[in-house]
Amino acid sequence: MSFFHWVREGVRQAVVLGFADAIEDVGTRSRDEDFGASLAQSLRERLAVSAEPTVIESTGAGKGRRRLGRSLEAMQKAA
């Protein structure tokens, strides 16, 4: 399985699951029924913002800035 095939399958699965969730929330309607109000109410409920702010706690794994490679000074010293 190639990377792009994996991405396509993931996107396809997300769309299908989202569609299934929408049908579950709104319900099935006949062809003549308008489901706009039900869909709008469902979206309002799902997109409601909570009053409590999200707080991200630091893990304290490292103090300060962590370097991912050698600095120019370290490379010049090694040469």
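Select helix α1 to begin: this helix has 24 residues and reaches 35 Å from its first C-alpha to its last, close to the 34 Å expected at 1.5 Å a residue. The coordinates on display are those of a predicted model. Among the elements of the protein, α1 has the highest mean pLDDT, 86. Moving just past the end of the helix, select G27, which takes a positive phi of about 90°.

Is F3 buried or exposed? The relative accessibility of F3 is 54%, and because exposed means over 50%, F3 counts as exposed.

By the ring-centre criterion, the count for the model comes to 2 aromatic pairs. In one of them, the rings of F3 and F4 have their centres 5.5 Å apart and their planes at 70°; the pair is therefore edge-to-face, as the planes are over 60 degrees apart. Both F3 and F4 are exposed.

F3 and W6 form an aromatic pair that is tilted, with 6.0 Å centre to centre and 35° between the planes. Both residues lie in helix α1, 3 residues apart, about one turn of the helix. An α-helix has 3.6 residues a turn, so residues three or four places apart point the same way. W6 is exposed, and so is F3. With F3, F4 and W6 displayed together, one aromatic cluster is in view.

Finally, zoom out to the whole chain. How many helices and strands does the protein contain? There are 3 helices and 0 strands, and along the sequence the pattern reads α-α-α. Of the 79 residues in the protein, 3% are buried. The accessible surface of the protein comes to about 8,100 Å², and 57% of it belongs to carbon and sulfur atoms.

The mean for the protein is 76, and 75% of its residues reach 70 or more. Select helix α2, residues 36–46, to see the element with the lowest mean pLDDT, also 76. Where pLDDT is low, the predicted coordinates should not be read in detail.

Terms used: Residues numbered from 1 in each chain as written. Predicted model: local features only at pLDDT ≥ 70, side-chain atom pairs only at ≥ 80, totals over all residues. Heavy atoms only, no water. Buried < 20%, exposed > 50% of the residue type's maximum accessible area, 1.4 Å probe, protein only. Helix = DSSP H or I, 4+ residues; strand = E, 2+ residues; numbered from the N terminus. Areas by Shrake-Rupley, 256 points an atom, 1.4 Å probe, with all protein chains shown as cover. Expected span 1.5 Å × (residues − 1). pLDDT = per-residue confidence, 0-100. Phe/Tyr/Trp six-rings, centres within 6.5 Å; stacked < 30°, edge-to-face > 60°.
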